[in-house]
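Let's take a friendly walk through this model, looking at a few backbone details and at how the nonpolar side chains group together.

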Amino acid sequence: MNSPLISVIVPIYNAENCLERSIESLTNQTYGNIEIILVNDGSKDNSLKLCNELANKDKRINIIDKPNGGVSSARNYGLDNAKGKYTAFLDADDYACPTMIEHMYNVMSDNNADIVHMDFIKQHSSNADFTVKHQLGTVSSLTKDEAVKWILTNKDGHGTAVWTSLFKTEIIKNIRFPEGMVIAEDKFFMFLAFHESKKVVFDSGKEYIYLVWDSSAIHSTYTKKNTSSILLAQKTLQTVNEKYTQYKEYAIVNLYKVYLANMRGFFELENGDNEMRQLACDMKKLLKSKTPAYFAQYASKKEVLELKLVKLGLPFYKAYIKSKGFAAKLLKR
């Protein structure tokens, strides 16, 4: 029996320094029937040249060259061109253990699942170990409602990125990433994908290696780009109110959590343009209002503390942040 085709979508932008290693981690997969879709998103370096060189070595590689539009736009182009029965993702600065695709496919088949979502290995780019071995884990099954609840309210566990997942392509055929967003676009996509599924399998095993780069968008100084997560949390609640009212409680919890996660940048928001100032006003209004009783069951101790401080007054929260920064500096000495 022939193995079904699996499409792996790789968005690429100025990735010449890491692209070859990343793509070779796909061409060396133990699961052979894959199409590797490289979406060059208007790179200004030698990424496209490298893509062509790699494609000459492996006919499973297909190249899409498009004007720069961001990671969501690149992934959407990949989805529009994917031919596989299943779809996976890889970021061009990360890499996969050799058995990742085969493992996720076997878990998918053994459990008759629509989505397999795994954990991942996190490494810093300055001391990455490219020989790291995969880590086995345990498998648990969730209904779509349980999966939606998890992604909107989770306190720990797996990340929400698409690159640790394998999807039945038919499940995501009408779902696309929100373009123009650089943070939390994965989470919004996963929320919609979970809703379209019947059964989701979580695997605590780790076969994807995620590299943390100092220049990464999610680790840089707070800027307007960081507001993507706020806008998408608002969009999630709006979508739920319009289409999926059964998830309203979870979407409200998600909004609280995202607002709290962005409180460190609150003062930058207040000093920003009109859109940023409006977001700061939205955050302050919600967080200082009466909190739904159910929020406590989904909140961490840190979130409960920070919410109390915000309600007391922003000066209290600001003092808390300064004290944490001071303590962190002392520990580094």
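Predicted model: local features only at pLDDT ≥ 70, side-chain atom pairs only at ≥ 80, totals over all residues.

## Two asparagines in loops

Asn-14 sits in the loop that links strand 1 (6-12) to helix 1 (19-27). Its backbone deserves a glance too: phi of Asn-14 is near 50°, a positive value in a residue that is not glycine.

Now turn to Asn-112, found in the loop between helix 4 (100-111) and strand 6 (115-124). Here, too, phi is positive, at about 50°, although Asn-112 is not a glycine. Is Asn-112 buried or exposed? With a relative accessibility of 59%, Asn-112 counts as exposed, because the cut-off for that class is over 50%.

## The largest nonpolar core

In soluble globular proteins, nonpolar side chains tend to be buried together. In this model, the largest nonpolar core holds 106 residues, and Phe-191 and Phe-194 have the most contacts inside it. Which helix gives the most to this core? That is helix 9 (residues 248-261), which supplies 9 residues.

Leaving aside residues up to four places away in sequence, Phe-194 touches Ile-115, Ala-147, Val-148, Trp-150, Ile-151, Val-200 and Phe-202, and also Lys-144.

Definitions and conventions
Residues numbered from 1 in each chain as written. Heavy atoms only, no water. Core = buried A, V, L, I, M, F, W, Y, C linked by side-chain atoms within 4.5 Å. Buried < 20%, exposed > 50% of the residue type's maximum accessible area, 1.4 Å probe, protein only. Helix = DSSP H or I, 4+ residues; strand = E, 2+ residues; numbered from the N terminus. Contact = heavy atoms within 4.5 Å.
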